[in-house]
Amino acid sequence: MASLDPKSGVLGKRLAAHLLRRSTFVVTKARIEQFATMTADAAVEALFANNPLRNPEGPRDRTTGLAWYSVHDAETKPNDFSGESNGVKTKLVQSWFFQEMLFDTTIKHKLAIFLHSTFIIGSTTSRNWQLYNYMRLLQYFAYGNIKTFAYKVTLDPMMGLYLDNHSNRNTAPNENYAREFLELFTILKGEQIGQGNYTNYTEDDIITAAKLLTGFRIQNYAFKDADTGLVTSKPIKNRHDFSDKQFSSAFGNQVIAGATGVDNAAKEADMLRELQDFIDMIFGQLETAKAYTRKLYYYFVSDKLDATKEANVITPLANLLVTNNFDLVPVVKTLLKSQHFYDEDDDNALDNIIAGKVKSGLEYMMQTFNFLNLSALVPDFETDRTNNYKDIDSIRRKLVEQGYPFFAPASVEGYDGYYKNGYSCNWFTSTALIHRYSFYDQILRGKYKNNSALKLELAPFFDTNFTLPSTFGPADFPQADAMIETFVTEVLEVMLPVMPTGDRYNYFRDAVLNGLSSINFLFEWVNYKDTGDTSDVNESLGNFFKAILNSEEYQTF
Amino acid sequence: MNRRNFLKNAAFTSAPMFLNSMPLGVFASPQMLEAFSCNPDDRSVVVIHLNGANDGLNNLIPLNQMGLYSDYRPNVKFAQNELLTLQADLPDAQQIGLNPNMDDFKHLYENGQMAIVQGAGYPNLNRSHFASGRLWAFGGDGGTYKNNKRGFMAEYLANRYPFYEGVPFSENLDPLGISMGTFEKTFYCSDTIYHTSLKGINVNGFGSAVNSLLGEQISNIPNTDQGSALNHILAVENSVNVYSERVSATFNAGNNIATYDNESLANQLKIIAKLISGGSKTKIFTAGKGGWDTHGDQKNRQNPLLKATGRALRSFQEDLTALGLADKVITVVFSEFGRKFRENGGNGTDHGTLGPMYVVGNGVKAGVYGTNPLLADEFLVKDAPNPNTQLQYDYRTVFGTILQDWMGASDTAITATFKTASFINTKPELILPALKAGPDCQVDPTQGTAITLKAFLEGPMNGSSMNTTLNTNSLLPDKDPYGALQTAYDEAFDATGDAQIVDWVRVELRDAANPATLVAAKAALLQANGQIIDASGTAKVFFGDVPRGDYYVAIQHYNHLGVMTANAITFDDNTAFDFSDPNSAVYTNGAMAQNNVGGILCMWAGDMNGDGTINAVDKNEYWKPEQADNFTYGSSKADLNLDGVVNDVDKNTYWRANNSKQQQF
């Protein structure tokens with residue numbers, strides 16, 4: 001019986017690792033040990049900290065060091081970013097956001113990506129400041145209200161361009177945004193129960209919604225939203241359809257009155273009231289709340305939903321979302337504190353939550369990177385502007401190869417692993433495999449496209465984080481196998497989601513031994529400790545490292 | 001499978017040949033004179049996507065509307081005297097002047113190897129690059145079929161090989177699809193992995209690269225949610241692993257004869273030709289070339305693209321001809337939409353609607369299909385042809401023709417591919433009658449007559465499993481000893497534990513009405529745990545040429561008595577039979593068909609001459625002479641316990657104990 005009842009007691013390492021892997025991109029041995037002593041309640045609360053951004057003023061000019069976005073007066077949009085091309089500017093914006101994610105020890109950017117995966121944009125190449133504006137909106141609402149976000153993102157310039165609502169006007173209605181808003185962003189398409197009737201809405205509703213959404217135009221850079229301080233679209237009277245908007249029985253035949261007003265300003269203000277009524281109408285349907293809780297469930301918990309989970313998890317969470325007037329935080333906290341999330345709500349060992357999902361490129365890249373403390377090698381922007389961007393860019397660019405086209409999904413449906421049948425399994429494809437399985441080698445050799453110096457020194461890493469002796473001699477021979485077992489177990493318990501047993505455990509252990517004995521490895525190890533010469537010990541540790549990173553288990557979390 | 005000989009049709013075909021305009025010289029092409037052996041399974045299709053929306057109006061300039069053309073395009077137009085002439089005797093409405101950079105297109109056309117299809121697209125055309133590209137790849141349009149979620153090539157392959165699970169099978173060891181580009185893999189979009197992507201891959205070293213990256217795979221998969229994730233990962237690993245080696249092997253076995261430019265499309269086609277010449281039976285290859293989004297500076301951007309594309313197509317065609325493969329491959333070139341008739345203010349053109357497709361190959365009935373777009377059409381939509389009124393060839397009728405008349409897809413298959421039968425009757429006759437896969441030549445879907453089998457041999461039996469001495473001592477051959485010409489998959493003899501191979505056995509399907517009649521037989525591999533796996537490595541023994549139905553199943557071994565099911569069993573998705581289970585009904589003539597060894601039934605050892613009876617002949621004519629010789633797999637028959645030695649144990653423990661036993665069917 002899937003249960004949202006809170007989990008009690010301290011987490012321990014295994015569950016702490018589970019929570020960190022599912023909710024953040026920073027999973028290190030130290031953090032696992034720190035969270036292991038906490039209760040689920042305390043741990044989740046800690047994850048919702050509101051830490052400052054690493055570069056709060058956004059991407060900065062590599063030449064001047066000035067913040068590209070904020071140095072401009074309110075009237076002009078940024079355009080001088082070192083004289084870079086639009087394509088490069090977009091990449092710099094992406095790298096800025098990527099850097100914030102990579103160093104975010106909280107759940108914030110994980111939630112920001114959830115919002116992005118829910119309200120997809122793409123085609124960003126020549127739309128750099130719009131992309132930045134959209135990313136700030138994601139950050140602004142990561143701990144916020146998804147209903148308010150739905151309103152704000154409708155007027156977001158990036159979205160307006162991506163789905164054409166910017167050019168949707170009374171004389172030439174464009175249904176693109178209206179359709180995706182209903183079909184993909186909010187209530188979702190239900191079963192087709194008649195000609196043009198998708199249960200939750202109809203084709204006529206799309207036409208009506210498109211009319212309601214006419215006239216919101218990206219006016220100029222200076223036109224900012226009063227709440228967020230971000231650029232927003234402006235209601236333009238001449239472009240709006242002022243008729244009353246009659247929706248179908250899916251929405252109780254609701255009529256949203258066309259905007260009125262004594263003058264242009266009043267009419268344009270009332271256009272926003274129409275938009276708000278429209279949002280209220282859609283969010284007034286429980287199905288909308290359920291759609292979001294299902295998405296949250298797939299995103300954080302499991303690829304599999306069934307009738308029991310619908311009854312015991314989705315429906316109560318949807319009600320909670322409604323009760324909280326669509327604030328996401330209480331809902332996500334309830335989910336991550338629940339017995340269900342930790343596999344403790346039933347005796348059924350088959351429906352395991354832990355390790356039941358496949359890592360996306362984001363988790364694979366960033367968690368690996370952070371676990372190995374490689375992110376610490378990325379120089380701060382202040383000290384080394386060139387290499388800061390170069391390093392971040394090198395890592396970010398790997399994402400595409402890994403099947404995660406960062407902020408450039410192939411279509412408005414989004415990233416395969418978030419919506420396609422099979423969910424997270426879609427992250428692991430034949431194309432991604434060779435890149436994912438080459439990653440260990442790139443880490444070891446620092447071999448990135450940009451010749452980044454981010455390179456893992458294996459022996460010091462294992463020395464710092466795990467237990468191996470400093471001295472070893474004949475008197476220790478009887479303990480050699482036990483020492484190796486301690487070491488291997490310590491590593492596997494924090495790097496793999498489930499501790500392997502039997503032959504599989506031996507496979508990982510034998511990778512360390514490299515066909516030789518425990519005694520041999522320990523001699524190699526102390527030789528390294530004495531001389532600093534890594535050549536022998538790296539052979540064994542490299543085998544071990546590759547065996548772990550390229551294991552099927554490591555792909556799951 | 002329906003592979004009737006097509007000879008009779010090929011020689012006397014009376015299909016109308018003058019439906020469309022054809023260039024002179026086409027009738028002299030040699031393939032018209034040769035008999036066509038009807039085997040579309042050897043054929044493949046190459047799909048090339050011109051990514052970014054190729055401006056067709058500056059490919060094929062409508063000579064009958066030069067005035068309006070020049071008016072619309074004061075800056076990006078070509079003057080009539082710059083154009084390449086195509087075929088002077090075409091009717092006015094089809095008269096085309098080719099872009100001066102399309103000399104290689106002209107060459108292919110005049111060589112009888114290119115069809116030009118005018119006004120291609122789909123209803124309610126979407127002018128977004130990715131949306132429209134996806135619609136093409138998904139067999140969709142802007143109306144009824146806008147929500148297709150799988151690539152139409154995936155739909156086609158799913159219908160053709162319904163049993164397919166992403167790994168090679170005996171009849172096709174190659175990836176069913178190969179994608180050279182990024183977007184183009186969308187054609188295979190589906191839950192099952194139909195394609196191998198070679199984008200950015202060093203094909204030569206692909207196999208060894210993947211091999212070196214994979215660790216030892218996890219073997220005990222729990223029946224949990226993690227288990228299903230792990231199974232997915234294993235499936236992808238296995239698919240990439242087996243196909244990467246195969247792709248590298250065919251690539252390295254193949255060659256190129258013609259010269260190609262060092263340019264993106266040419267490089268892709270060069271790899272494809274090399275793969276095919278190396279024996280690849282991949283059905284669909286997809287490739288792409290970008291840069292066609294010519295909103296500005298059109299002439300300087302489009303002209304070199306056209307030149308490069310023409311050169312690549314011609315090199316490819318010449319290569320295929322030199323390699324003797326020209327009758328096996330057809331290439332289709334498309335772009336997601338065309339551009340507006342009227343130029344924009346930036347010496348370029350904006351997104352339009354319909355455009356041309358090019359179909360290239362020896363099997364193509366060369367000519368111009370359809371007429372020039374109507375520049376003066378009053379129903380133009382934003383300066384581009386109205387896709388609902390000027391649509392001449394829905395792209396699905398073009399691909400439908402290729403899949404049906406070239407690849408041999410049945411009406412049912414085409415219907416499954418496009419989710420409607422409506423494109424079948426409107427197909428253009430693009431394929432040369434002499435090479436057309438007519439109704440007699442169509443390939444029915446391979447239903448996958450396959451079976452999970454388990455049996456034990458008495459000789460190597462050691463209590464709960466079988467000894468694998470022949471394997472351990474590297475005595476087992478890659479090729480089967482039954483003359484079935486089966487080859488074991490690459491890692492067959494590397495398996496460990498219970499999956500180690502004991503020996504080759506022969507699996508037979510026999511007629512349901514008369515089990516004495518053999519329907520099909522193939523060699524397969526017996527594992528230590530009794531599982532019999534296909535030589536290709538799949539867990540089920542697979543008979544690609546046998547339709548599903550009811551059959552008796554028999555197992556034979558070269559020195560054990562055969563055993564057969566008591567009844568004909570019905571083949572479906574999950575057919576299985578365990579000969580070692582005492583509760584399984586096996587055929588008997590009154591005696592015990594097998595030996596019960598501690599509750600596991602084993603086939604009797606001793607029939608060295610394979611005549612169905614264990615008697616003195618076996619001992620005297622086989623065991624006696626062989627015990628003195630060195631053991632040779634295949635010619636030594638008396639090694640009853642399969643330990644690689646013919647000695648007294650074989651005679652005393654097995655032959656003597658089983659003397660006078662008879663096969664029960």
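Me: How many residues of helix α5 of chain A are buried?
Reply: 11 of its 11 residues are buried, so to speak mostly covered, and the helix runs over residues 108-118. Buried means under 20% relative accessible area, exposed means over 50%, and partly exposed is in between, with a 1.4 Å probe and protein chains only. Helices here are DSSP runs (H or I, at least four residues), strands are E runs of at least two, and both are numbered from the N terminus.

Me: Which residues are the buried ones of α5(A)?
Reply: Among them are Lys108(A), His109(A), Leu111(A), Ile113(A) and Phe114(A). One caution: this is a predicted model, where local features need pLDDT of at least 70 and side-chain atom pairs count only at pLDDT 80 or more, while totals for chains, interfaces and linings use all residues. Residues are numbered from 1 along each chain as its sequence is written, chains are lettered from A and ligands numbered from 1 in the order written, and side-chain values use heavy atoms, leaving out hydrogens and water.

Me: OK, new topic. What domains is chain A divided into?
Reply: Domain 1 covers 12-342 and domain 2 covers 458-555; such bounds come from an automatic or database domain assignment. The C-alpha centres of the two domains of chain A lie 46 Å apart.

Me: And how much area do domain 1 and domain 2 of chain A bury between them?
Reply: About 540 Å², 51% of it on carbon and sulfur atoms. Buried area is the accessible area (1.4 Å probe) that two parts lose on being put together, summed over both. On the domain 1 side, Lys13(A), Arg21(A) and Lys29(A) lose the most, together 79% of what that side buries.

Me: What does Lys13(A) meet in a salt bridge?
Reply: Its partner is Glu493(A), at 2.8 Å from N to O. A salt bridge is a side-chain nitrogen of Lys or Arg within 4 Å of a carboxyl oxygen of Asp or Glu. The rule finds one across this interface of domain 1 and domain 2 of chain A.
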